[in-house]
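Let's take a friendly walk through a protein model together.

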Amino acid sequence: MHTSKRDIPSIIKLEEPDLAEGTKVPSASDAKADGSGSIREELHLYRRERILSTAAGLFSQKGYSGASVSELANMIGVTKPFIYYYMKNKQDILEQICIATIDLPHLVMNEVFAEDLSPTGSLYNFVRRFAWVQGQNQNYVSVFFREELNLSPEVSQYVTGQRRKFDERLEDLLTKGAEAGDFRIDDVPVTARAIAGMICWIFTWFRPEGRLTLDDVSRHFADLTLNMVDARRRPDQPA
């Protein structure tokens, strides 16, 4: 039972404890809650989610080439045919992990940009939420950056398109803020890439048991970003 790559929703869990409700990708519980999915669909999403999350941890630890489907099945406690019922092969598993990861910032943007906020508020909330979910899903992000060269041409093209779209959306927000007088930015594209790079590499150094919590880090990054664009108003100040 296989579905086209583009028909598979990203299924990383993106729950945020004290931020806004949302930034959650469709999962089994979502299908049940909104009444849009049957019990069979709910179970299907749950099992796919379990396969991908376990595979992300395995690939992050051993590398894509060093891991096997047999090892993945043993970790989950199922047979290889069970895995192949939901995924075409190991390549498909990798590509679904990478698709979910590259879709992640767009899910956060969709949520934040739908709110009635100033450019400063939008930028602050976006950075804080994006940093949080990047740190929360370190295995996915690690596999994405380390194994991107193993993607098929089709998925590589999709990833490139999503990355370009992300840059454009972030640049549009920065430009809007600069034109409104909220930001002072000398070079919008460079600033957008600096912000994205700062957040995307959280997976290389953040440790949950470390000095800072993930919420601490996400707040620090949001504050650093406002300093970077010389924001005239803080998000907690009235417009």
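A contact means heavy atoms within 4.5 Å. Helices (H or I, at least four residues) and strands (E, at least two) are DSSP runs, numbered from the N terminus.

Before going on, please note that this is a predicted model, in which local features need pLDDT of at least 70 and side-chain atom pairs count only at pLDDT 80 or more, while totals for chains, interfaces and linings use all residues. Residues are numbered from 1 along each chain as its sequence is written, and side-chain values use heavy atoms, leaving out hydrogens and water.

## A closer look at H9

Which residues of H9 are buried? They are Val188, Thr191, Ala192, Ile195, Ala196, Ile199 and Cys200. An α-helix has 3.6 residues a turn, so residues three or four places apart point the same way.

At the start of H9, a side-chain oxygen of Asp187 comes to within 3.1 Å of the backbone nitrogen of Val190.

## Two cores

A nonpolar core is a set of buried Ala, Val, Leu, Ile, Met, Phe, Trp, Tyr and Cys residues joined through side-chain atoms within 4.5 Å. The largest one has 33 residues, and Ile199 is among those that touch the most other members, as are Leu123 and Phe126. Helices H5 (90-113), H6, H8, H9 and H10 each give two or more residues to this core. Its largest share, eight residues, comes from H6.

Leaving aside residues up to four places away in sequence, Ile199 touches Val127, Phe130, Ala131, Gln134 and Phe221. A second, separate core of 28 residues includes Ala55, Ala56, Leu72 and Ile93.

The protein has ten helices and zero strands. Of its 239 residues, 49% count as buried.

In the segment after H10 you will find Asp230. Asp230 has a positive phi of about 55 degrees, although it is not a glycine. With 26% relative accessibility, Asp230 counts as partly exposed.

Key
Buried < 20%, exposed > 50% of the residue type's maximum accessible area, 1.4 Å probe, protein only. Polar contact = N/O pair within 3.5 Å; in protein donor to acceptor, adjacent residues only side chain to side chain.
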